[in-house]
Amino acid sequence: MSECIFCKIAAGEIPANVVYQSDEMIAFLDIAPVAPVHIVVIPKKHFANVSELSVESDLSAKMLKVMAELGDQNCQTGYRLVFNTGDDGGQTVFHVHGHVLGQRALQWPPG
Ligand code: 5GP
Ligand code: ZN
(Lines give C-alpha, C1' and ligand atoms only; values in the text may rest on other atoms or scores of the structure.)
(Ligands and ions follow the chains in the order given, each with its own letter.)
Protein backbone atom coordinates (compact mmCIF):
# COMPACT_ATOMS: atom_id res chain seq x y z
CA MET A 1 0.00 0.00 0.00
CA SER A 2 1.68 3.15 -1.25
CA GLU A 3 0.49 5.52 1.49
CA CYS A 4 0.90 3.12 4.41
CA ILE A 5 3.63 4.27 6.81
CA PHE A 6 4.38 0.76 8.06
CA CYS A 7 4.66 -0.58 4.49
CA LYS A 8 7.23 2.19 3.95
CA ILE A 9 9.15 1.15 7.06
CA ALA A 10 9.03 -2.49 5.89
CA ALA A 11 10.40 -1.42 2.51
CA GLY A 12 13.18 0.66 4.10
CA GLU A 13 11.76 3.88 2.64
CA ILE A 14 11.31 5.41 6.12
CA PRO A 15 14.04 4.89 8.72
CA ALA A 16 13.34 3.01 11.93
CA ASN A 17 15.35 1.56 14.80
CA VAL A 18 15.04 -2.06 13.70
CA VAL A 19 15.54 -4.68 16.43
CA TYR A 20 14.51 -7.81 14.47
CA GLN A 21 14.01 -8.66 10.83
CA SER A 22 13.14 -11.74 8.75
CA ASP A 23 11.78 -12.30 5.24
CA GLU A 24 8.25 -11.88 6.54
CA MET A 25 8.49 -9.56 9.54
CA ILE A 26 10.20 -6.52 10.97
CA ALA A 27 10.28 -5.19 14.54
CA PHE A 28 11.32 -1.66 15.46
CA LEU A 29 11.23 0.78 18.36
CA ASP A 30 8.03 2.82 18.65
CA ILE A 31 8.58 6.49 17.81
CA ALA A 32 6.50 7.56 20.85
CA PRO A 33 7.14 4.90 23.50
CA VAL A 34 4.62 4.45 26.30
CA ALA A 35 6.91 2.14 28.30
CA PRO A 36 10.70 1.75 28.67
CA VAL A 37 10.44 -1.18 26.26
CA HIS A 38 8.05 -0.44 23.40
CA ILE A 39 8.65 -2.50 20.28
CA VAL A 40 6.31 -2.64 17.27
CA VAL A 41 6.19 -5.92 15.31
CA ILE A 42 4.68 -6.01 11.81
CA PRO A 43 4.36 -8.46 8.96
CA LYS A 44 5.98 -6.98 5.85
CA LYS A 45 2.84 -7.84 3.89
CA HIS A 46 -0.01 -5.40 4.43
CA PHE A 47 -3.02 -6.50 6.48
CA ALA A 48 -5.30 -3.81 7.88
CA ASN A 49 -5.76 -5.36 11.31
CA VAL A 50 -5.40 -8.50 13.41
CA SER A 51 -8.69 -9.86 12.08
CA GLU A 52 -7.29 -9.90 8.52
CA LEU A 53 -3.96 -11.32 9.68
CA SER A 54 -5.60 -14.10 11.70
CA VAL A 55 -6.71 -15.86 8.50
CA GLU A 56 -3.00 -16.55 7.81
CA SER A 57 -2.41 -19.04 10.61
CA ASP A 58 1.25 -19.73 9.85
CA LEU A 59 2.23 -16.06 9.75
CA SER A 60 0.10 -15.33 12.84
CA ALA A 61 1.90 -18.06 14.81
CA LYS A 62 5.31 -16.81 13.68
CA MET A 63 4.44 -13.27 14.68
CA LEU A 64 3.30 -14.36 18.12
CA LYS A 65 6.57 -16.26 18.55
CA VAL A 66 8.66 -13.23 17.60
CA MET A 67 6.67 -11.00 19.95
CA ALA A 68 7.07 -13.43 22.85
CA GLU A 69 10.80 -13.79 22.18
CA LEU A 70 11.27 -10.00 22.12
CA GLY A 71 9.37 -9.74 25.41
CA ASP A 72 11.40 -12.55 26.98
CA GLN A 73 14.68 -10.99 25.83
CA ASN A 74 13.95 -7.39 26.76
CA CYS A 75 11.62 -7.45 29.77
CA GLN A 76 12.98 -9.29 32.81
CA THR A 77 9.86 -8.97 34.98
CA GLY A 78 7.07 -9.48 32.47
CA TYR A 79 5.52 -7.72 29.52
CA ARG A 80 2.32 -7.12 27.60
CA LEU A 81 1.51 -7.96 23.97
CA VAL A 82 -1.17 -5.73 22.45
CA PHE A 83 -3.03 -5.48 19.13
CA ASN A 84 -5.04 -2.27 19.14
CA THR A 85 -7.90 -2.79 16.71
CA GLY A 86 -10.34 -0.25 15.27
CA ASP A 87 -11.31 3.12 16.70
CA ASP A 88 -12.39 1.93 20.16
CA GLY A 89 -9.27 -0.21 20.33
CA GLY A 90 -7.11 2.86 19.77
CA GLN A 91 -5.69 1.77 16.41
CA THR A 92 -4.06 4.70 14.60
CA VAL A 93 -2.00 2.89 11.94
CA PHE A 94 -4.06 0.54 9.78
CA HIS A 95 -1.30 -1.95 9.00
CA VAL A 96 -1.51 -4.71 11.60
CA HIS A 97 1.09 -4.42 14.33
CA GLY A 98 1.70 -5.93 17.73
CA HIS A 99 3.07 -3.85 20.58
CA VAL A 100 5.59 -5.40 23.00
CA LEU A 101 5.46 -3.34 26.19
CA GLY A 102 7.46 -3.74 29.38
CA GLN A 103 10.09 -2.75 31.91
CA ARG A 104 7.53 -0.95 34.06
CA ALA A 105 4.42 -2.08 35.92
CA LEU A 106 1.57 -1.78 33.42
CA GLN A 107 -1.91 -0.79 34.56
CA TRP A 108 -4.84 -3.20 34.37
CA PRO A 109 -7.49 -2.58 33.26
CA PRO A 110 -6.10 -0.27 30.57
CA GLY A 111 -7.64 3.20 30.21
P1 5GP B 1 -1.63 1.99 17.26
O2 5GP B 1 -2.09 3.21 18.01
O3 5GP B 1 -2.16 1.99 15.83
O4 5GP B 1 -1.87 0.71 17.98
O5 5GP B 1 -0.05 2.09 17.19
C6 5GP B 1 0.66 2.76 16.21
C7 5GP B 1 2.00 3.02 16.82
O8 5GP B 1 2.90 3.34 15.80
C9 5GP B 1 2.01 4.17 17.82
O10 5GP B 1 2.47 3.70 19.08
C11 5GP B 1 2.95 5.19 17.17
O12 5GP B 1 3.76 5.86 18.12
C13 5GP B 1 3.77 4.32 16.24
N14 5GP B 1 4.26 5.01 15.06
C15 5GP B 1 3.52 5.78 14.21
N16 5GP B 1 4.28 6.24 13.22
C17 5GP B 1 5.53 5.75 13.42
C18 5GP B 1 6.77 5.88 12.71
O19 5GP B 1 6.89 6.54 11.67
N20 5GP B 1 7.84 5.24 13.23
C21 5GP B 1 7.77 4.48 14.37
N22 5GP B 1 8.89 3.91 14.80
N23 5GP B 1 6.61 4.33 15.06
C24 5GP B 1 5.51 4.97 14.59
ZN1 ZN C 1 0.91 -1.35 5.14
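Where does Tyr79 lie? Select Tyr79 and you land in strand β4, residues 79-82; strands here are DSSP E runs of at least two residues, helices are H or I runs of at least four, and both are numbered from the N terminus. Before going further: this is a predicted model, where local features need pLDDT of at least 70, side-chain atom pairs count only at pLDDT 80 or more, and totals for chains, interfaces and linings use all residues. Residues are numbered from 1 along each chain as its sequence is written, chains are lettered from A and ligands numbered from 1 in the order in which they are written, and side-chain values use heavy atoms, with hydrogens and water left out.

**The zinc site**

Next, select ligand 2, a zinc ion. Its donors are Cys4 (SG), Cys7 (SG), His46 (ND1) and His95 (ND1), at 2.1 to 2.3 Å. A donor is an N, O or S atom within 2.8 Å of the metal (3.2 Å for Na, K and Ca), and sites may look incomplete because water is not among the atoms. Why is the arrangement around the zinc ion (ligand 2) tetrahedral? Because the four donor atoms subtend angles of 105 to 116°, and four donors count as tetrahedral if all angles lie between 85 and 135 degrees. Along the chain, the spacing reads C-x2-C-x38-H-x48-H. Cys4 sits in the segment before α1 (5-10) and His46 in the loop between β3 (37-43) and α2 (50-53), 42 residues apart. Cys4 is buried at 10% relative accessibility, while His46 is partly exposed at 21%.

**The aromatic pair**

Now show Phe6 and Phe28. A search of the whole structure finds one aromatic pair: the ring centres of Phe6 and Phe28 are 5.4 Å apart with planes at 75°, so the pair is edge-to-face. Rings of Phe, Tyr and Trp (its six-membered ring) pair with centres within 6.5 Å; planes under 30 degrees apart are stacked, over 60 edge-to-face, the rest tilted. Phe6 is in helix α1 and Phe28 in strand β2 (residues 25-29), 22 residues apart. Both are buried.

Last stop: Lys62, in helix α3 (residues 57-74). Lys62 meets Glu24 in a salt bridge at 2.9 Å, N to O (a Lys or Arg side-chain nitrogen within 4 Å of an Asp or Glu carboxyl oxygen). Glu24 is in the loop between β1 and β2, 38 residues apart from Lys62. Lys62 also bridges to Asp58, at 3.2 Å, about one helical turn away. Slide along to Glu69 and Lys65, another bridge at 2.9 Å, with both residues in helix α3, four residues apart. Lys65 is exposed at 52%, whereas Glu69 is partly exposed at 32%.

Notes. Tetrahedral: all angles 85-135°; square planar, octahedral: opposite > 155°, others 65-115°. Buried < 20%, exposed > 50% of the residue type's maximum accessible area, 1.4 Å probe, protein only.
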